[in-house]
Amino acid sequence: MIRDITIGQYYPADSVVHRLDPRVKLMAVILYVISLFTFRGIWGFVLVTLALAGMIKLSKVPFRFMVKGLKAIVIILLITALFNLFLTPGETWVTVWKLTITKEGLKSAVFMAIRLIYLILGTSTLTLTTTPNQLTDGMEKALSPFNKIHVPVHEVAMMMSIALRFIPILIEETDKIMKAQIARGADFESGNLMKKAKAMVPLLVPLFISAFRRANDLALAMEARCYNGGAGRTKMKPLKYKKADLAAYGIMLGYIVMVILLRVLL
């Protein structure tokens, strides 16, 4: 399960999506997420499905690799679907013991599960096709107008980049600690929920210690290199829009027009 988490990982490939400006990909993901929670009908989901399938195809990231990331949110998917299934009022479809399932609840549960799955797949495409450094530069450049109102844009972008960079490292560290604990007789699988929670304590304590140690080492390394924030800093590879980036903006504009038309007409 730990190895199946793909959030924060980068998949190297030579694709159109990999070569796009990170600002374009950030804008595309934002518009994609907004549209995902705007649709209510089946045609909206058809449009989102086509957009997501096209994005994955162009990224050259294996679909099987992306689906692995869904295993980590199975519990969240089940809880969300059950809440929508049993707690949505409407026309009764079937009654199970004291629980009533409505037609509206069934529709809401299916649509919400699809939305969450598409949300993970779409946002994973961003991190899988963009390195942490590119993501930091893109966020900092996109949010640069907020510098005029004294928002620490560089620091915010740096923190988000470090957080994404640490996810694969902590996943690998967790896997090593779990294997070491299992070799010493620890059992993380059997038992009820309380026993599984107690079994996680020997795993969480060394993981937190390792995370704090890595954070301290990173802070010392940044201080040793005289890091003092974004003031006066320059970029070795400044971001510049290319023809492919402008074409991508045009595709996004067309997508938004279709979203609005479907929302208004259907």
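**Close-up views of a predicted model**

**View 1. Asp-14 is exposed, at 55% relative accessible area (exposed is over 50%, buried under 20%, partly exposed in between; 1.4 Å probe, protein chains only).** Its salt-bridge partner is Arg-19, with the closest N and O atoms 2.4 Å apart (a salt bridge is a side-chain nitrogen of Lys or Arg within 4 Å of a carboxyl oxygen of Asp or Glu). Arg-19 is exposed too, at 52%. The whole structure holds five salt bridges. The model is predicted: local features need pLDDT of at least 70, side-chain atom pairs count only at pLDDT 80 or more, and totals for chains, interfaces and linings use all residues. Residues are numbered from 1 along each chain as its sequence is written, and side-chain values use heavy atoms, without hydrogens and water.

**View 2. A salt bridge joins Arg-214 and Glu-173 at 3.1 Å, N to O.** It links distant parts of the chain, 41 residues apart: Arg-214 lies in helix α10 (residues 201-224) and Glu-173 in helix α8 (helices are DSSP runs of H or I, at least four residues, numbered from the N terminus). Arg-214 is partly exposed at 33%. Glu-173 is buried at 17%.

View 3. Glu-172 is partly exposed, at 39% relative accessibility.

**View 4. Helix α7 (residues 132-142) has buried residues, including Pro-132, Leu-135 and Met-139.** The buried residues of α7 pack against α2 (22-36), α6 (103-128) and α8 (153-183) (contact means heavy atoms within 4.5 Å).

Technical notes:
Helix = DSSP H or I, 4+ residues; strand = E, 2+ residues; numbered from the N terminus.
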